[in-house]
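Okay, hi everyone, thanks for coming.

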Amino acid sequence: MTVNKSTQSRSQFRPNKRFGQHWLRSEIALNQIVAAAQLTSSDRILEIGPGTGILTRRLLPLVESLVAVEIDRNLCQKLTQKLGKEDNFLLLQGDFLKLNLTELLESFPSFQQPNKIVANIPYNITGPILEKLLGKISQPATTAYQSIVLLVQQEVGERLTASPGTKAYGALSLRVQYLASCELIYHVPAKAFSPPPKVDSVVIRLHPRTISEPADNPRLLDSLIKLGFANRRKMLRNNLSSVIAPDDLIQLLEQLNLNSQSRAENLSLEDWIKLSNLIGCRSI
Ligand SMILES: C[S@@+](CC[C@H](N)C(=O)[O-])C[C@H]1O[C@@H](n2cnc3c(N)ncnc32)[C@H](O)[C@@H]1O
């Protein structure tokens, strides 16, 4: 891990597949990301994977400070040459998933406690990034960001923001929606990148939250969701039979005004929490 204070022509930035590098080149998409972030001059931004600095350069004049974490050493050198003179820019070289940001920022008071995240992330590590930012149902993250604006693969964005009863709705939707409200803001076509990825993308915005009526036993809720969606076509009473007898589950579903033939995808987050609480009570 090295720390560089503070980019060259884009032709010098040869994308490295290993790091999921696809450079944004669409003015429209860049403007959309900035708009979705709803920035104010007092915001302290964390950017994951600044790459060529194309987004960074737009954000810097609009905010108080921006700390960027980039894994690619060569890019870091170029970024330092480009943006190193900007007082409100700090570049950390390293793997975002492994570094302890709070500890690293102890020596940089002006960059501590970023309140917003804005990033075009490497798609291959979307899940781990979300988990690091939000935590898990059983262990929510302690750092509360005001908002998180990310460019993600369209299919993932649809799953994150999906509603009950839809094809995209699943364990990922519930796990993330338990920890944050999620909105899909813009569609970004593959041609907005160089090289273009195989899939289209979307800009999403998350607002981490503490749910008003959390599950009594978050670990149980998490396990039930996993079991419930293990086979989407099966009814819940079959998928959850290792935890609760089918007849007993039918009773609980009726208590919650839910159809006894419900599948996992038919239950809202609130239904899942209530069901988990009822199952938890029975096993005490
Ligand atoms: C999709 S590119 C986006 C680059 C730039 N923000 C843009 O919009 O053109 C993802 C960036 O994340 C960086 N990256 C990949 N894995 C990373 C990790 N674990 N930690 C930090 N940065 C990472 C890549 O090197 C690359 O610069």
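Let's start here: what joins the side chains of Q21 and D72? It's a polar contact of 2.9 Å. By polar contact I mean a pair of N or O atoms within 3.5 Å; within protein, one must be able to donate a hydrogen and the other to accept it, and residues adjacent in sequence count only if both atoms are side-chain atoms.

Quick housekeeping: this is a predicted model, so local features need pLDDT of at least 70, side-chain atom pairs count only at pLDDT 80 or more, and totals for chains, interfaces and linings use all residues. Residues are numbered from 1 along each chain as its sequence is written, and side-chain values use heavy atoms, with hydrogens and water left out.

Back to Q21, which sits in the loop between β1 (2-5) and β2 (23-24). Strands here are DSSP E runs of at least two residues, helices are H or I runs of at least four, and both are numbered from the N terminus. Q21 counts as buried because its relative accessibility is 7%; the cut-offs are under 20% for buried, over 50% for exposed, and partly exposed in between, with a 1.4 Å probe and protein chains only.

Q21 also touches E70, where contact means heavy atoms within 4.5 Å. E70 is in strand β4 (residues 65-70) and, at 5% relative accessibility, is buried too. A polar atom of the E70 side chain lies 2.9 Å from the backbone nitrogen of D72.

Now, the unreviewed UniProt entry has a "binding site" annotation on H22, L24, G49, E70, D95 and N120. The lining of the largest pocket takes in H22, L24, G49, E70, D95 and N120 from that set. Careful, though: such annotations may be inferred rather than shown by experiment.

N120 is in strand β6 (residues 116-120), and it's buried at 16%. Among its contacts are H22, L24 and G49.

And that pocket? 30 residues line it, and F19, G20, G49, I121 and P122 are the closest to its centre. A pocket, on a 1 Å grid over the protein atoms alone, is an open set of points where a 1.4 Å probe fits, with protein on both sides within 12 Å along at least five of seven lines; lining residues have an atom within 4 Å of a point.

Technical notes
Lists of a residue's contacts leave out its neighbours within four places in sequence.
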